[in-house]
Amino acid sequence: MANLLWLQGGACSGNTMSFLNAEEPSACDLVTDFGINVLWHPSLGLELGDNLRKLLNALTSGQMPLDIFVFEGSVVNAPNGTGEWNRFAGRPMKDWVSDLARVAGYTVAIGDCATWGGIPATAPNPSESQGLQFLKRQHGGYLGANYKSKAGLPVINVPGCPAHPDWITQIVVAVATGRGGDLSLDEFQRPKTFFTSFTQTGCTRNMHFAYKVSATEYGQRKGCLFYDLGCRGPMTHSPCNRILWNRQSSKTRAGMPCMGCTEPEFPFFELAPGTVFKTQTLMGVPKDLPKGVDKSGYIKLTAAAKAASPAWAEEDIFVV
Amino acid sequence: MASDNGAVLKAIADMLENGLKTQVEPFPETDKEFAEVLLQLRQLDPKDLKSKLVISGFLDQPYGPDRQRCLECMYYLVHRKWCDLPELSVPVEPDWWCRLWRI
């Protein structure tokens, strides 16, 4: 039996909603099949007031073991580093985070806000938000670069806005069943099993990417969303087109651009007007090219691909 | 439809060959500048072909040191010989160019 505690900092509850929609395994499976004891969760916990505080104190004192500490949302430090803007159970949430992370077997950050600060940490960051161990791309975050949980791992980052339900439950199951040591993390402490391939991997529009046919409107049944509509699929590490959403689709499959929400810079360009859903270019060439491709290679590839493109690439292929 | 496109293509080619002065510069370097050109195009009568060509800076030849041309542009449909940018939506030749070129 592994004790799990889930708390929320500066959050919209999006990752909680995602978690509750998990299917493989589901939130109920965690309890019935994998022996996870959910001590408390903002949407599921029964304890309130003194009883909740008693539970938290039992964990921070070591009286009750905390095997998995899950945190959703940013760590709010405002105003002036006090954390008073986000109080919970009688004290700033950030103080609970410090004490609970110290005693946790594993600490798991769910969603962009908990991993790198996310939207709350976007300039000018009025809530002085941080992720648990990163602030955007900068290592450190609230717990500091040297933090390791009792199991010897840094914070396990499961980013996304929100994170996919199955990424959450599968990582929780892995650590709860003693396979935490098998997790291989990338430079941003994301499990490599999910975050090595790109959003583009498995995208049904890859043929249009290859032949350089652009979608020019949302929901169009032909064309790649990278060239004009700001899709970040070729630069974003996520399995969104391998582990499908609602088990059947993804943003790009439905004709909407990937926003790169599993990367530390999300939201990109700090949401400046004209930067969302619009490919940023300089002299007609995208500023952000597919990972590992340089400008001259990109231009050569485009010329060759256009010259070779078959007629069907210009037609609607996702016909109802 | 194909013959309509052919007639429009010829009309464009004739205007350019007869020396129509179009707004080749400034090239919209940033997306904001690009969006401003699009905005001007959206305000036109869709049938006002000449103004479309002028505002978008059409040329009947490649442009610049990189010899940019429609053929490599994202909006160019090779088999239809068509510019698929919604604000333009005109038939074009692969060796033409306009300042809304992007790759």
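A salt bridge is taken here as a side-chain nitrogen of Lys or Arg within 4 Å of a carboxyl oxygen of Asp or Glu. The structure is a predicted model, in which local features need pLDDT of at least 70 and side-chain atom pairs count only at pLDDT 80 or more, while totals for chains, interfaces and linings use all residues. Residues are numbered from 1 along each chain as its sequence is written, chains are lettered from A and ligands numbered from 1 in the order in which they are written, and side-chain values use heavy atoms, with hydrogens and water left out.

At the interface between the two chains, 20 residues of chain B are in contact with 26 residues of chain A, contact meaning heavy atoms within 4.5 Å. The area buried between chain B and chain A is about 2,100 Å², of which carbon and sulfur atoms give 56%; buried area is the accessible area (1.4 Å probe) that two parts lose on being put together, summed over both. A salt bridge between B:R102 and A:D228 has its closest N and O atoms 3.8 Å apart.

Within chain A, the side chains of A:D99 and A:R102 form a salt bridge with an N to O distance of 3.7 Å. Both residues belong to helix α4 (residues 93-103) of chain A, where they are three residues apart, about one turn of the helix; helices (H or I, at least four residues) and strands (E, at least two) are DSSP runs, numbered from the N terminus. With a relative accessible area of 52%, A:R102 is exposed, the classes being buried at under 20% relative accessible area, exposed at over 50%, and partly exposed in between (1.4 Å probe, protein chains only).

A further salt bridge of chain A joins A:D288 and A:R232 at 3.1 Å, N to O. A:D288 lies in the loop between β13 (285-286) and α9 (295-308) of chain A and A:R232 in the loop between α8 (206-210) and β12 (281-282), so the pair ties together parts that are 56 residues apart in sequence. Of these two residues, A:D288 is partly exposed at 30% relative accessibility, whereas A:R232 is buried, with a relative accessible area of 11%.

In chain B, the side chains of B:E87 and B:R42 meet in a salt bridge of 2.8 Å, N to O. This pair links distant parts of the chain, 45 residues apart, with B:E87 in the loop between β2 (82-83) and β3 (90-91) and B:R42 in helix α2 (residues 31-42) of chain B. B:E87 is buried, with a relative accessible area of 15%, whereas B:R42 is exposed at 51% relative accessibility. Elsewhere, A:E24, A:D166 and A:R247 are joined into one network by salt bridges that share partners.

For residues 198-268 of chain A, UniProt gives "domain: Cytochrome-c3 hydrogenase C-terminal" (unreviewed entry), and here the span is 7% helix and 0% strand, with end C-alpha atoms 17 Å apart.

Backbone geometry was also examined in chain A. A cis peptide bond, with omega of about -5°, joins A:A78 and A:P79, and A:P79 is placed in the loop between β4 (75-76) and β5 (87-88) of chain A. The peptide bond from A:C161 to A:P162 is likewise cis, with omega near 0°, and A:P162 lies in the loop between β11 (156-158) and α6 (165-176) of chain A. Although not a glycine, A:F269 has a positive phi of about 55°; A:F269 is located in the loop between α8 and β12 of chain A and is partly exposed, with a relative accessible area of 35%. A:M283, also not a glycine, has a positive phi of about 50°, lies in the loop between β12 and β13 of chain A and counts as partly exposed at 38% relative accessibility.

Conventions. UniProt positions are given in the numbering used here, feature names are shortened, and annotations may be inferred rather than shown by experiment.
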